[in-house]
Amino acid sequence: MRTIYWKQWKKVKTKFKELQKLGVEEEKAWICADMRNGNWYRGGYFVLQTAFNNKKLRELGYPTFTEFYLKVCEN
């Protein structure tokens, strides 16, 4: 889920600003925003894991994987 949301931010400046809005420190936000690694790698990076925790994803309207799994298995 982190990777999907991350891919919406195309430019380094946008990534940096959005990470700061999520409460990431300036230096860590810049390092993460300016990474040239692939999206899958960055999705596992600790900065994104803390910025996009389950609580934040629920606020953004996304269910957690556990909630989604339980919903699918009920039917």
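Notes on the source. I am reading a predicted model, in which local features need pLDDT of at least 70, side-chain atom pairs count only at pLDDT 80 or more, and totals for chains, interfaces and linings use all residues. Residues are numbered from 1 along each chain as its sequence is written, and side-chain values use heavy atoms, with hydrogens and water left out.

Entry on the fold. I found seven helices and zero strands in the chain; helices (H or I, at least four residues) and strands (E, at least two) are DSSP runs, numbered from the N terminus. Along the principal axes, the C-alpha atoms fill a box of roughly 45 × 25 × 20 Å.

Entry on burial. Of the 75 residues in the chain, 29% are buried. Buried means under 20% relative accessible area, exposed over 50%, and partly exposed in between (1.4 Å probe, protein chains only).

Entry on the core. I noted 15 residues in the largest nonpolar core, a core being a set of buried Ala, Val, Leu, Ile, Met, Phe, Trp, Tyr and Cys residues joined through side-chain atoms within 4.5 Å. L19, V24, C32 and F52 have the most contacts inside this core. Helices α2, α3 and α5 (46–51) each supply at least two of its residues.

Entry on aromatic pairs. I counted three; rings of Phe, Tyr and Trp (its six-membered ring) pair if their centres lie within 6.5 Å, with planes under 30 degrees apart stacked, over 60 edge-to-face and the rest tilted. One of the pairs is F16 with W30, edge-to-face at 5.3 Å centre to centre and 80 degrees between the planes. Because F16 lies in helix α2 (residues 12–21) and W30 in helix α3 (residues 26–33), this pair ties together parts that are 14 residues apart in sequence. F16 counts as buried at 15% relative accessibility, whereas W30 is partly exposed with a relative accessible area of 41%.

Entry on E59. I located E59 in helix α6 (residues 54–59). Is this residue buried or exposed? E59 counts as exposed, at 52% relative accessibility. From E59 to G23 I read 36 residues in sequence and 14 Å in space, C-alpha to C-alpha.
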